[in-house]
Amino acid sequence: MSAAQQVAENAPVIGNPIPVGAEVYNRVVGFLYQEATLLDTIRLKEWGATLAPDLVYTVPLRQTRPMSQQAQSVIRTVQHYHDNYRSIMGRIMRLTETRSAWAEDPPSRTRRMVSNVQVFATDRPDEFAVVSYLLLTRSRFDFPDMDVISGERNDLLRVDGEGFKLVRREVILDQAVLGTPNLAIFL
Amino acid sequence: MLTKASYTLADGTPLSDLVRVPTREVQMRALSDPEIYQLEMDRVFGKTWLLLGHESEVPNSGDFVVRDMGSDSVIVARAKDGNIHVSLNVCPHRGMRISTVDAGNTQIHKCIYHGWAFKPSGEFIGAPVEKECMHGKMMPKEELGLPQARVTLYGGIIFATWDLEGPSFEEFLGDAKWYFDTLFERSDKGLEVLGPPQRFIVRANWKAAGEQSAADGYHTLTLHRWLGEVGNYSKSGDGGSADLSPEMYGVEVSSPHGHALRCIDLGRKIKKLSGLDPAELTVDQKLEALPPPGMTREMLPQLRKHLSEEQLEVMVSMPPQVGGIFPNVLFAFVYIPQADGSVLGLTLLHAYVPKGPDQLEFVNWVLAEKDAPQELKDRMLMQSIQLFGTSGMVEQDDSDTWPHMTLAAKGARGRRSTLKYQAVYETGAPAGWPGPGIVNEGFTKDDTQWHWWLYWNELMNAKA
Ligand code: FES
Ligand SMILES: [Fe+2]
């Protein structure tokens, strides 16, 4: 489990890994796949419905640092995203209810490849810590360049009926200088 | 005034033809031509003062960050004597990059190739196996240090230039300093960064962003229309989208050195917050109703220590809110309406670092007053991130626009099209305006950006 998740406010204590293939594990993977589908097909309001009202959504900066200072390669002061439920819903509103969210209109064509999923129990029976890798490709207009965003998601999911709600997401990106002109898309 | 020198581009076009002064047009090839870009690296980025960061990024002896001056990487380091030095990040031995990281702390910058070592001040310490004198005997050690840029601190902001004999930073700011002081030199302890800058690549020529930074108010109306639809400027309750055009009125200040400030009328905000007619209020009452971005009411007495009555008058009526420092800096000292009816001020700086004719690195620093309470800094930081920079809902749209301009400027026909700056002010300064500079009032016009291009033109065509 990343240091990020351990230090996050109100973070639960991370417990044992849940084996690959276990019932809960499969449900988590199903949630992540469904989420990727909603975001890639720009069903943003439906994605918004999977967010918990106490959501914390952050994307730290990265810095190139020597091997001996790797902890300092993740910057959590100024970040690329620093949002809560209210602000994410505001972003969704801008994208879905205006006719001038130009950074995504026309929208990017995206693929969120989610893999290397690890699920951990926490000290709360209804919350699971989830680590996954994200490889996101983004194509805009007729540009031949494909923007690639890669990183590790550290999520906290809360059981909600048959599914889950996203309570916390921190995405540790791999680039110190992002190769995409903005993050008008969700990670 | 610098004397004109004729220079002809490879296709026979005189360099001085790019900016057409009588009709206020700029040939679009300026946004894509590699030859022009190469000239700019010396004539613009080699001659002007460039933003590198803030001294609060390197508070301790040995602290350093690696930044860019035009196309050159530099090490910005605090030396033992407390001074900040800016050294070319290139080893004088065989040209290896000295620092390969973004930041750190060291008293010895050691080149990993053959081990030559340098102080944070750039001074050469020595080369490994001293008895063999591997740096040779032809040049004294004093000449083997890292080339030093000239450095100045302004409100703690680090600027540097390779033009060792050129104008001072104060001369470079000129009349615009009177206004910039109201942003950067207004408080006892000054500003600090809230963390390292965001950095991302936009596949656009640096001037697409640079000319916009020279106070392009007009684009807000269309490109940032969402602000009036659902954003911070939408009127709640009336269903329709708010008209942003009242925000387009104000005073614009430009400078012969290409600096620009958009001073936007605060009257409506003060009226809303205080319920009183701003014309009836004193300077102090207006400050009390709406303190400058990032300042608390408790900090207001500091303003009088640092600024004149005339500067305060501008701050409470038409404060500079966005604009630029030539060539590639944007400042935003903005008053953002909040859902609860209050106003949150944000203070940001951007540098648009050239990374080739069709690529720029967007560097975004989020600032706050050192003296401000942590709770205010936290709110400023979150809202800055949500509106500006990488994921900022305002600036997303800017960074998506500039690549199209750059691509268009590559077309065989498109490169001969022109950027037009023909919306000319016919007003002049408002009656009783106390500040210096080229001042015009009314709906935002093209003058500030045109003056940006005129200075670019002057530098590009100056005799070396
Ligand atoms: S190139 Fe730096 S020591 Fe040789
Ligand atoms: Fe803009």
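Does Phe141(A) count as buried, partly exposed or exposed, and at what relative accessibility? In this predicted model, Phe141(A) counts as partly exposed because its relative accessibility is 24%; buried means under 20% relative accessible area, exposed over 50%, and partly exposed in between, with a 1.4 Å probe and protein chains only. Phe141(A) also has a positive phi of about 50° although it is not a glycine, and its place is the loop between strand 5 (127-139) and strand 6 (147-160) of chain A. Helices (H or I, at least four residues) and strands (E, at least two) are DSSP runs, numbered from the N terminus.

As a guide to reading, residues are numbered from 1 along each chain as its sequence is written, and chains are lettered from A. Local features need pLDDT of at least 70, side-chain atom pairs count only at pLDDT 80 or more, and totals for chains, interfaces and linings use all residues, while side-chain values use heavy atoms, leaving out hydrogens and water.

Other loops hold backbone features too. Val129(B), not a glycine, has a positive phi of about 60° and is found in the loop between strand 10 (124-126) and strand 11 of chain B. The peptide bond from Asp105(A) to Pro106(A) is cis, with omega near 5°; Pro106(A) sits in the loop between helix 4 (85-97) and strand 4 (109-122) of chain A. In chain B, the bond from Phe326(B) to Pro327(B) is cis, with omega near 0°.

Chain B also has an open sheet of three strands in the order 3-12-11, with antiparallel pairing; two strands pair if DSSP finds at least two bridges between them. Its edge strands, each pairing on one side only, are strand 3 (50-54) and strand 11 (150-154). Strand 3 and strand 12 (residues 157-161) of chain B pair over four bridges, and His54(B) stands opposite Ile157(B).

On a 1 Å grid over the protein atoms alone, a cavity is a set of points where a 1.4 Å probe fits but cannot get out, and lining residues have an atom within 4 Å of a point. A volume is the space filled by probe spheres set on the points, which are joined across faces, edges and corners. The largest cavity holds about 500 Å³ and is lined by 29 residues, with Thr220(B) and Phe388(B) among those nearest its centre. Strand 18 of chain B gives the most to this lining, with four residues.

Conventions: On a 1 Å grid over the protein atoms alone, a cavity is a set of points where a 1.4 Å probe fits but cannot get out, and a pocket is an open set with protein on both sides within 12 Å along at least five of seven lines; lining residues have an atom within 4 Å of a point.
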